[in-house]
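Please walk through this structure with attention to how its parts are arranged and what lies between them.

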Amino acid sequence: MKKTIALLFVCISLNSFAQDKIVLSSPKFITGDNSQYKELSFNDASWASIKPTIVWEEQGYPDYDGYAWYRFHFILPSSLKTHSYWKDTLRIAAGKVDDVDETFLNGVKIGQTGTLPTDPGGYNGKYDVLREYHISTNDKSLMWDKDNVLAIRVYDGGGGGGMFGGTPFINMMDIIDGITINTVTNNGGGKITVTNQLRQAVPGTLKIQVRDGEKDKVINSSEQKIILSPIQSITKNISFPQGKRIEVIASFTEKNTGKTKSVRNVNAYILTPLPSLTPKINGAKVAGVRPSSPFLYKIAATGQKPLQYAATGLPAGLQLNAATGVISGSLSAEGNYVIHLAVSNSLGKDERALTIKVGSLLALTPPMGWNSWNCWGLSVNAEKVKSSAQALIDKGLIDHGWAYMNIDDGWDQPARAADGTIVPNTKFPDMKGLGDWLHARGLKFGIYSSPGTTTCGGYTASYQHEMQDATSYASWGIDYLKYDWCSYGDVYKKEGDTSLAAYMKPYQVMQKALNAQPRDIHFSLCQYGMKDVWKWGAQVDGNTWRTTGDITDTWESLSSIGFSQNVQYPYAQPGHWNDPDMLIVGQVGWGDQLHNTRLTPDEQYTHISLWCMLSSPLLIGCDISNMDDFTVNLLSNDEVIALDQDVLGKQAQQKIKNSNYQVWVKELEDGSKAVGIFNLSDDYQTVSVNWQDIGLGNTEKVRDLWRQKDLGAFNNTFKTKVTPHGVILIKVMQ
Ligand code: GLA
């Protein structure tokens, strides 16, 4: 009898959970376009299956641009309404769509984001916007307790295409939607703020749990009945032990419906010790320059300021500024020049060799620096570039090798000058002045364009003005060009040639224009991986090439991009690097409104570890002037950065992959190997890595790179606990 009651209880609670939300995870899919596809009665049995959380390029439709349809079948239970306090509005959340969607429910259009090529004003993609459409529960198109079809017509104008950015779902708008919970934690404490955005009082229960996840132990827990007055916030302070990774789970259960909103936060726990006050030289040990091109290299070094810089063996043509550590000048003869660097202060001295290779190759190690896109989007201006550059210096990032300051989209006028010259817009009143300002500080200067008529953001681009533009860039002192396919898709379609040569062509045209300049310009290809760009990027002198669509600051985006880079492993080499897109740590926003990255601290350690293991370009995508201590620490670990900047230039390879974790191994110049043990699951994992399974010897000495700590010698296996979505990054040597 007792058993029956218990079973009944479980059934009811599972059922009620299921009735709050319909998860739409398995749509049918077809490329092409037909207005019948929106109809409830349409038979899609022969269509393919697809995941609605990852763009279609990564699911068997490489290089596909144009129209495609997703159809989700579901039963709409009327219990959704009965379980809801408010009964008037249904929410349809469809994640993000790259680039434009038209969304239909049972044949009736319920929403659209972005505009289609056939719409007035033409195509305008909105790939980074969450689609959330609302529909009245009285709407006649809804089929309560029957089969329904949500049909999403997608138009992809180029690059990544289709649904991504979260599993779609349907639920009722309810009181709980008016409640937000904001958790801010730091090292030792934090604040939880529960806000009622409604014009009615909301009673409920607030539960706060503080946990040590590693030990699976609750440190503190509290539960309190509260009444949130209309438009009111309640803030609770919490404290916990310092220097530890702490999980805080705050949940509010609304009394009328029993619906709960929960937020889980991990404090920004710092792993890396601060740099020592005695001098230490960091950054790349090798630099490439073409004969007679200007050479600029800032010696990256930490230690108590002021530091004195010295260089012996400098060939004629190069000078060192002993106060700033900037080496400049030019060398006309090809060859390898080994220079001996020394950096000292009152506490000591560090010395190291730097090899300058004068020849045809640039980017002998992946570029490190900043790009405006992930923070400022099209609202970038010269002041924002300068304030991030100044902060890169003031916060000491420059002392770890961060050097490029790259302007992305949004810097030029709609109209060219009468002679066809590109003209910066009023946000950049003096491009050459900005270049000089950066160079004087040992920083490098990057810019952005497209081989089409316009950039992705609709600004003027280089089509049929390539030589003129490259010449302008050189005159401003540009060191780096990101060249983004964007509207070149129209040219390509008009020409009707789908061969590999047609994809290479626009990059070859700009390659010639850049090579004709009297300075070196790093050539960054951005065409999202079409036609396996990694196989031919080096042939068009691409120094880096984007391998995927655009990244955003979520675990889904980070992990789907980062962990799918194994196929490109053979193509990374000094001078030529795979580019899985820019960093998404710190304050990002793609426009004027910035927010803290939505990645947890564990996910951020994974991000930087994986990008360094992959020998990726490291381009900070946040407002550095607002960078917090955690992010500065994350981007200042020289032992982690050294993996990225390793002279051998070999990308890591995926050696173990299962549903919970992956192990990647990177060969290093000194004969040692870096091993990244990545936990892709939502729970702590204890992982035992057998050295032989990943091609290592019987006994290996292990150093923890994030903590900069030797862990000792391990025979046969290395066993470690890894945080959810986190990493253990080690260097092993015999
Ligand atoms: C594309 C690129 C992004 C960024 C924007 C600018 O989406 O992939 O990195 O440059 O264009 O509009």
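In this predicted model, the second largest pocket lies between domain 1 (22-172) and domain 4 (368-651), because both domains give residues to its lining. The volume of this pocket is about 1000 Å³. Its lining is made up of 45 residues, and those closest to the pocket centre are Y123, G125, Y127, C456 and G457. The most comes from α7, which gives three residues. Sorted by class, the lining of the second largest pocket has 17 polar, 15 nonpolar and 13 charged residues.

Besides domain 1 and domain 4, the chain has domain 2 (175-266), domain 3 (280-358) and domain 5 (654-733).

Domain 4 also has an interface with domain 5, where 28 residues of domain 4 are in contact with 23 residues of domain 5. The C-alpha centres of domain 4 and domain 5 are 31 Å apart. The size of an interface is often given as the accessible area lost when the parts come together. For domain 4 and domain 5 the buried area is about 2300 Å², with 63% of it on carbon and sulfur atoms. On the domain 4 side, the residues that lose the most area to domain 5 are F563, M613 and E639, together accounting for 27% of what that side buries.

E639 also takes part in a salt bridge with R703, in which the closest N and O atoms are 2.7 Å apart. Across the interface of domain 4 and domain 5, one salt bridge is found.

Note on methods. Residues are numbered from 1 along each chain as its sequence is written. This is a predicted model: local features need pLDDT of at least 70, side-chain atom pairs count only at pLDDT 80 or more; totals for chains, interfaces and linings use all residues. Side-chain values use heavy atoms; hydrogens and water are left out. On a 1 Å grid over the protein atoms alone, a cavity is a set of points where a 1.4 Å probe fits but cannot get out, and a pocket is an open set with protein on both sides within 12 Å along at least five of seven lines; lining residues have an atom within 4 Å of a point. Grid points are joined across faces, edges and corners, and a volume is the space filled by probe spheres set on the points. Helices (H or I, at least four residues) and strands (E, at least two) are DSSP runs, numbered from the N terminus. Ala, Val, Leu, Ile, Met, Phe, Trp, Tyr, Cys and Pro count as nonpolar, Asp, Glu, Lys and Arg as charged, and the others, Gly among them, as polar. Domain bounds come from an automatic or database domain assignment. Contact means heavy atoms within 4.5 Å. Buried area is the accessible area (1.4 Å probe) that two parts lose on being put together, summed over both. A salt bridge is a side-chain nitrogen of Lys or Arg within 4 Å of a carboxyl oxygen of Asp or Glu.
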